[in-house]
Amino acid sequence: MKIQELKELSVKELTEKLNEATEAYNKMKLNHAISPLENPAQIKAARRDIARMQTELSLRK
């Protein structure tokens, strides 16, 4: 998700997306530990998306 898209969301929507992304990241990480993913770069991308969302939330507070 791009920064511009994050700025357009409300705080509530951003919090919901952050929770969803965190759950998906944890699930992806667990699945990768059991059997390797086809594209392990997805884990890195998910982690960076979560960081972007957290940064945007902290800037709004």
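Mentor: Thr55 counts as partly exposed, at 44% relative accessibility; on this scale buried means under 20% relative accessible area, exposed means over 50%, and partly exposed lies in between (1.4 Å probe, protein chains only). This is a predicted model, in which local features need pLDDT of at least 70 and side-chain atom pairs count only at pLDDT 80 or more, while totals for chains, interfaces and linings use all residues. Residues are numbered from 1 along each chain as its sequence is written, and side-chain values use heavy atoms, with hydrogens and water left out.

Thr55 is placed in helix α3, helices being DSSP runs of H or I with at least four residues and strands runs of E with at least two, numbered from the N terminus. Helix α3 covers residues 41-60 and holds both Arg52 and Asp49, which are 3 residues apart, about one turn of the helix. These two form a salt bridge with their closest N and O atoms 2.7 Å apart; the term requires a side-chain nitrogen of Lys or Arg within 4 Å of a carboxyl oxygen of Asp or Glu. Side chains of opposite charge can pair when their charged atoms come close. Arg52 itself is partly exposed, at 34% relative accessible area.

The search of the whole structure finds 2 salt bridges. Arg60 also forms one, with Glu56, the closest N and O atoms being 3.1 Å apart. Because Arg60 and Glu56 are 4 residues apart in helix α3, about one helical turn separates them. Their accessibilities may be set side by side: Arg60 is partly exposed at 29%, whereas Glu56 is buried at 10%. Leaving aside neighbours within four places in sequence, Arg60 is among the residues in contact (heavy atoms within 4.5 Å) with Leu9, together with Leu14 and Lys17.

Leu9 and Leu14 also belong to the largest nonpolar core, which has 12 residues, including Tyr25, Met28, Ile43, Ala46, Ile50 and Leu57; such a core is a set of buried Ala, Val, Leu, Ile, Met, Phe, Trp, Tyr and Cys residues joined through side-chain atoms within 4.5 Å. Helices α2 (11-34) and α3 each supply at least two of its residues. Tyr25 lies in α2 and is buried, with a relative accessible area of 12%. Beyond its neighbours within four places in sequence, Tyr25 is in contact with Ile43, Ala46, Arg47 and Ile50.
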